[in-house]
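Here are my comments on the model, as numbered points. Please keep the structure open while reading.

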Amino acid sequence: MATSTFFIPSVNVIGSGALNDAADAIAQHGFHHALIVTDRVLFDIGVVGQVQSMLAERNVKSSVYHGTKPNPTTRNVSEGLEILHANQCDCVISLGGGSPHDCAKGVALLATNGGDIADYEGVDRSAKPQLPLISINTTAGTASEMTRFCIITDEQRHIKMAIVDKNVTPLMSVNDPHLMVGMPKGLTAATGMDALTHAIEAYVSSAANPITDACALKAVNMIAHSLRPAVDNGQDMVARENMAYAQFLAGMAFNNASLGYVHAMAHQLGGFYNLPHGVCNAVLLPHVQEYNARLASPRLKDIAKAMDIPVDDMSDAQGAAACISAIRQLAHDVGIPAGLAELQVKEEDFDTLATNALKDACALTNPIQGTHQDIVNIFRKAM
């Protein structure tokens, strides 16, 4: 087994009341002025104001950037950085789901390293730690609040850049399920399927290790039990809290074992057509695992078992088929579109999408290293 390095924020607060603990910790760190990076929705419904008051009670000033797009862009990073410099902020707080977290990582990295966010595309390209980042999560989820992954859309090239850098790991992550209660059904489903994709891709990854395996399988089990009830009834606090833990476990898995072709391909769809990331993952997940099953069927059988499918008397190939069928059923039950055609993806773009997918950092750890034509074929099957 190759050497493994395990990345995670140094402090992670999870559960009811986590937000209050986080506000105390921010004050105890001695920060004076925070830049809160968020989106318009959380600003309009008053969640940002709530966090600002909690900080003010503890004598921490704050400025807000609420322009983050669902697929955060290079421009979003520049706009956030301008507000940070104008107010001489000494820390960054990301508030939201994966989009504000990724945007905030870009801002915090440039605050100390300078240059343009595109300079850091790839793995560990930065020289210095970013400005301290506290990530308060409102979805379950992307796990961006605790990973070294930062995905930013390059508006010029219409691609999503994968920045994988230990220096974008937040100082602290916060998962308070009370902040997740307001998530609409569609977002609950999409972010939950994103978490499932993280766990499955990490488990079949060529860089998997015993720690990531344990995290991935537990995440799969919890998502299989909790995603449907969380989507059906957003007020179900048990399901919400279980999903918060599950997406965090999935984050621990992929932050260290990385991902595979589902993410490499979904990043291209998101960058090219501005589609929701979790939905792209959910549509592609069964098709990529069918492709991977030639080599990874014993691992896919393990995943089926984690989903509580009785696979003990099955062969590896049958177990893998049962796994893929269960993924499809879960996606269907939570209202994910059946194929890429429903998302207005065009077949004439497959060539470009496949070329860019193979350049994505996530492609490197897919269990089978395929050809350009293989990727085009998977896109075609997912239509």
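1. Start with Ser126. Is Ser126 buried or exposed? Ser126 has 12% relative accessibility. Buried means under 20%, so Ser126 counts as buried. Keep in mind that this is a predicted model.

2. Where does Ser126 sit in the chain? Ser126 belongs to a loop. That loop runs between β5 (122–123) and β6 (133–137). Look for Ser126 there, between the two strands.

3. Next, the surroundings of Ser126. Set aside the neighbours within four places in sequence. Ser126 is then in contact with Leu109, Asn113, Tyr120, Asp165 and Asn167. Two of these names return in the next point.

4. Which side chains make polar contacts with the side chain of Ser126? One belongs to Asp165, at 2.9 Å. Another belongs to Asn167, and that polar contact is also 2.9 Å. Both join side chain to side chain.

5. A distance gives some scale. Take Ser126 and Met307, which are 181 residues apart along the chain. Their C-alpha atoms are separated by 39 Å.

6. Now Val51. Val51 is found in helix α3, residues 47–57. The relative accessible area of Val51 is 4%. The cut-off for buried is under 20%, so Val51 is buried.

7. What does Val51 touch, once residues up to four places away in sequence are left out? The partners are Leu19, Ile36, Leu95 and Ile136.

8. How many cavities of 30 Å³ or more does a search of the whole structure find? The search finds 1. The largest cavity holds about 40 Å³ of space.

9. Which residues line the largest cavity? The lining consists of Leu19, Ala22, Ala23, Ile26, Val51, Met54, Leu55, Ile93 and Ile136. Two elements, α1 (18–28) and α3, each give two or more residues to this lining. The largest share, 4 residues, comes from α1. By class, the lining has 9 nonpolar residues, no polar and no charged.

10. The largest pocket contains about 950 Å³ of space. It is lined by 46 residues. Closest to the centre of the largest pocket are Pro70, Gly97, Gly98, Ser99 and Leu187.

11. Which elements give two or more residues to the lining of the largest pocket? They are α2 (40–44), α5 (98–113), β7 (149–154), α6 (185–204), α9 (261–273) and α10 (277–306). The largest share comes from α6, with 6 residues. The lining of the largest pocket divides into 21 nonpolar, 20 polar and 5 charged residues.

12. Last, the second largest pocket. Its volume is about 240 Å³. The lining has 14 residues, and Val123, Arg148, Val164, Ser258 and Thr365 lie nearest the centre. By class, 8 of the lining residues are nonpolar, 4 are polar and 2 are charged.

Definitions and conventions:
Residues numbered from 1 in each chain as written. Predicted model: local features only at pLDDT ≥ 70, side-chain atom pairs only at ≥ 80, totals over all residues. Heavy atoms only, no water. Buried < 20%, exposed > 50% of the residue type's maximum accessible area, 1.4 Å probe, protein only. Contact = heavy atoms within 4.5 Å. Polar contact = N/O pair within 3.5 Å; in protein donor to acceptor, adjacent residues only side chain to side chain. 1 Å grid on protein atoms, 1.4 Å probe; cavity = no way out; pocket = protein on both sides within 12 Å on 5 of 7 lines; lining within 4 Å. Points joined across faces, edges and corners; volume = space filled by probe spheres on them. Nonpolar A, V, L, I, M, F, W, Y, C, P; charged D, E, K, R; others polar.
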